[in-house]
Amino acid sequence: MGIEIAFPGVENLLERDQAGTGSRFWAGPSTRKYARELGVEIQQVSGSGQRGRITKEDIQQFIKHSMLSRASTSTQSTQGISGFDLLPWPKVDFTKFGEIERQARSRIQKVSAANLARNWVMIPAVTYHDDADITDLEEFRAALNQENKKDAVKITLLAFLIKAAVAALKKYPSFNSSLDGDELILKKYFHIGFAVDTPGGLVVPVIRNVNQKGIREIAEETAGLALLAREGKLKSDQMQGASFTISSLGGIGGTYCAPIVNAPEVAILAVNKSAIKPVWDGSQFVPRLICPLSMTADHRVIDGALATHFTTYLTQLLGDFRKVML
Ligand code: CAO
């Protein structure tokens with residue numbers, strides 16, 4: 001294949017990289033041309049020919065290897081994100097260690113896994129925790145439900161959380177936004193997504209224009225959407241357009257958690273199980289119903305001080321719900 005000549009410049013590069021080995025790369029002019037045409041830096045290719053001569057086949061192998069390693073990285077949900085040089089996912093034969101069962105992942109699980117992985121790697125997120133004293137709110141809610149026992153609609157804590165979150169979003173508009181390059185898109189609407197745990201996986205239906213709705217309407221709508229979600233009957237437009245998301249886990253338990261921001265939103269609130277705790281009222285400990293809150297925010301948009309203002313305000317609203325009307 002043509003006359004073998006040393007590739008200009010390569011020798012210096014080699015001397016830097018493999019000091020003292022005296023190695024040289026050799027490639028004929030047609031091979032160098034071939035590499036240039038394919039955009040391959042020839043100094044990265046190992047030669048398999050005589051005295052390490054680089055052949056066209058070596059260049060083809062190099063391209064094949066690069067493509068394979070890129071594909072294996074992208075199957076681990078980093079597709080579309082450049083700059084990651086991750087190890088391939090461990091391939092283990094688990095049957096060597098014991099009995100196993102293979103289970104197909106649902107469509108919802110596959111879609112949310114890909115979204116969660118992207119959001120996890122792309123958003124520099126910080127989670128802030130706080131406690132809300134919901135003693136009075138729960139008393140009020142219980143009284144409302146007692147008064148309206150015959151109503152089909154039960155007033156839920158979730159409805160109050162959604163309403164309070166919107167009041168906090170109004171006070172701190174950057175929480176109701178999306179990042180678009182160097183600009184922030186501030187939304188003048190208040191559409192709230194809420195996570196629903198369904199047999200097929202996690203879905204997030206959206207209540208639109210919460211600012212225009214009362215607690216009863218929100219409770220009715222969340223119950224209706226949660227039912228549709230569990231029956232697998234949600235339409236795609238019922239899961240679109242959220243400007244903030246709430247994950248209410250209080251019916252299940254838990255103290256705190258660190259939810260993943262639901263891009264392109266910039267913040268998400270998770271709520272765990274409230275419990276009676278002793279609270280110092282200045283002269284004695286009194287039993288109060290305390291609800292743990294965890295808010296994760298995109299630090300590119302929301303600094304820690306602002307995040308703490310938001311969670312503090314939210315706890316104040318939940319502590320005295322009359323403030324939501326202000
Ligand atoms: N503290 C204590 N009790 C709570 C509570 C809280 N923070 N939140 C709800 N509860 C109670 C309710 O009062 C209710 O009790 P009663 O029946 O005695 O009134 C009970 O828990 C059941 O509530 P629920 O969770 O079924 O209903 P909800 O309106 O509170 O929530 C929904 C509805 C759809 C949010 C919830 O069913 C659900 O799916 N939550 C899971 C969300 C999820 O999966 N998040 C994870 C996302 S990220 O992986």
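Mentor: Please note that this is a predicted model. In it, a backbone N or O atom of Asn 272 lies 3.0 Å from a nitrogen atom of the ligand.

Trainee: How far is the backbone N or O atom of Ser 248 from a nitrogen atom of the ligand?
Mentor: For Ser 248, the distance from that backbone atom to a ligand nitrogen is 2.9 Å. A side chain takes part as well: an N or O atom in the side chain of Lys 154 is 3.1 Å from an oxygen atom of the ligand.

Trainee: And how much of the ligand does the protein bury?
Mentor: The ligand taken alone exposes 970 Å², and the protein buries 66% of that.

Trainee: Which residues are the closest to the ligand?
Mentor: The ligand is surrounded by 20 residues, of which Arg 230, Ser 247, Ser 248, Asn 272 and Ser 274 are the closest. By type, the shell contains eight nonpolar, seven polar and five charged residues.

Trainee: Which helix and strands each supply at least two residues of that shell?
Mentor: Helix H6 (157–171) does, and so do strand E8 (196–198) and strand E11 (244–248).

Trainee: Changing topic, what is the reach of helix H7?
Mentor: Helix H7 covers residues 215–230, 16 residues in total, and reaches 22 Å from its first C-alpha to its last, close to the 22 Å expected.

Trainee: Which residues of H7 are buried?
Mentor: The buried residues in H7 are Ile 215, Ile 218, Ala 219, Thr 222, Leu 225, Ala 226 and Ala 229.

Trainee: Why do they line one face of the helix?
Mentor: Viewed down the axis of H7, the buried residues fall within an arc of 140°, so they line one face.

Note on methods: Residues are numbered from 1 along each chain as its sequence is written. This is a predicted model: local features need pLDDT of at least 70, side-chain atom pairs count only at pLDDT 80 or more; totals for chains, interfaces and linings use all residues. Side-chain values use heavy atoms; hydrogens and water are left out. A residue is near a molecule or strand if one of its heavy atoms lies within 4 Å of it. A polar contact is a pair of N or O atoms within 3.5 Å; within protein, one must be able to donate a hydrogen and the other to accept it, and residues adjacent in sequence count only if both atoms are side-chain atoms. Accessible areas come from the Shrake-Rupley method with a 1.4 Å probe; for residues, only the protein chains shown count as cover. Helices (H or I, at least four residues) and strands (E, at least two) are DSSP runs, numbered from the N terminus. Ala, Val, Leu, Ile, Met, Phe, Trp, Tyr, Cys and Pro count as nonpolar, Asp, Glu, Lys and Arg as charged, and the others, Gly among them, as polar. The expected span of a helix is 1.5 Å times one less than its number of residues. Buried means under 20% relative accessible area, exposed over 50%, partly exposed in between (1.4 Å probe, protein chains only). The arc is that of the directions from the helix axis to the C-beta atoms.
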